[in-house]
There are 2 protein chains.
Amino acid sequence: MLAGDTLKTKLRSLGHRCTSQREAIVKAIIDSPEKHLSAEQVYGALSGEESGAAMATVYRTLDLLEQIGILRKVDFGEGRARYEVITESGHQHHHLVCLECGKVQEVRQDLLSALEALVADEYGFEVKDHMLQFYGVCAECKPKSRKSR
Amino acid sequence: MLAGDTLKTKLRSLGHRCTSQREAIVKAIIDSPEKHLSAEQVYGALSGEESGAAMATVYRTLDLLEQIGILRKVDFGEGRARYEVITESGHQHHHLVCLECGKVQEVRQDLLSALEALVADEYGFEVKDHMLQFYGVCAECKPKSRKSR
DNA sequence: CTAGATGCAAAAAGTTTGCATAAGA
DNA sequence: TCTTATGCAAACTTTTTGCATCTAG
């Protein structure tokens, strides 16, 4: 998941500079348990560090890293964007969003290749990426929700 | 798609009033060619009408209608929410979002039942709804994008 | 050295809220 | 009539932008 200098290499090859803030921001996402951080959370994660970044820098960096294909912007309908690191093989990133506890779990399977082909066929739509979220109740919340609901 | 008095009936049965604004807001979405309107667009659609609504009312109404199951909030990562009318048979609503022209096309097929079963099985996740968007280039933009890109 | 990046503060954009007034039922 | 809904304006939250300063290369 994002080899040591892939970031620097990619930035440099596109005429951007590799700054301590940019490195720290990517690191913050990789090191987070959730792997899907909002700008606010990224900012918070760096606030102690020596290479802290201003909010404006966080936003500008997240935008840039999204544009050059390092990060992907995801939206779980919370009124704020989240970002995740793009890994090797493509778009096998689906999310299970728990409506009870808010936890987001990843599904690492290629569920959609067949559907993408179908969409290309039937609609003449050239799929470049997709976003699939399942909303429901996660395994941990299911026992609890039986009583409460 | 939303029979004549379903709205009034549903509102009344839950102790809400059926106001001209609420009717107009649902009508605006149904009558729109896109079928996925943002709050701003709903507001704009009503601005000429006799039953125009203030922005605050639009937001409050969209929230309410979402909560009582008349509308569904969708998010295409544009930094603003959109709303669509929920129709009969459930969640067979997938979207093809064109990255060139921004147009959103609906796919009316049940593509995910199999996947939902798989997710329930493998992750113990009880799926209540899902959200699937394909991002790419639509049939109309494909010829154009060949030259420009 | 020099273009590109950062920080700070101000401004946008989208959404929410308080309160007096209007209007369904 | 009486409670819920609306309008208006102000407040909040998230994201963007201008500009002087700093820094990677």
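I began with a hairpin: strand 4 and strand 5 of chain B form it, with five residues between them. G102(B), in the turn, has a positive phi of about 80°. Strands (E, at least two residues) and helices (H or I, at least four) are DSSP runs numbered from the N terminus, and two strands pair if DSSP finds at least two bridges between them.

A note on the basis: the model is predicted, local features need pLDDT of at least 70, side-chain atom pairs count only at pLDDT 80 or more, and totals for chains, interfaces and linings use all residues. Residues are numbered from 1 along each chain as its sequence is written, chains are lettered from A and ligands numbered from 1 in the order in which they are written, and side-chain values use heavy atoms, with hydrogens and water left out.

Next I looked at chain A. Chain A has six helices and six strands, in the pattern α-α-β-α-α-β-β-β-β-α-β-α along the sequence. Three of its strands form an open antiparallel sheet in the order 1-3-2. Strand 1 (37-38) and strand 2 (71-74) of chain A are the edge strands, each pairing on one side only. Two bridges join strand 1 to strand 3 (residues 82-85) of chain A, and S38(A) stands opposite R82(A). Helix 2 (residues 20-31) of chain A packs on this sheet, touching strand 1, strand 2 and strand 3, and its direction makes about 85° with that of strand 3 of chain A. Helix 4 (residues 55-67) of chain A also packs there, touching strand 2 and strand 3, at about 110° to strand 2 of chain A. Contact means heavy atoms within 4.5 Å; axes are lines fitted to C-alpha atoms, for helices over the stretch in contact, and angles run from 0 to 180 degrees between N-to-C directions.

Last, I looked up the largest nonpolar core, which has 29 residues. Such a core is a set of buried Ala, Val, Leu, Ile, Met, Phe, Trp, Tyr and Cys residues joined through side-chain atoms within 4.5 Å, buried being under 20% relative accessible area (1.4 Å probe, protein chains only). Among the members that touch the most others are F134(A) and F134(B). Leaving aside neighbours within four places in sequence, F134(A) is in contact with residues including L96(A), L115(B) and F125(B).

Note on methods
Buried means under 20% relative accessible area, exposed over 50%, partly exposed in between (1.4 Å probe, protein chains only).
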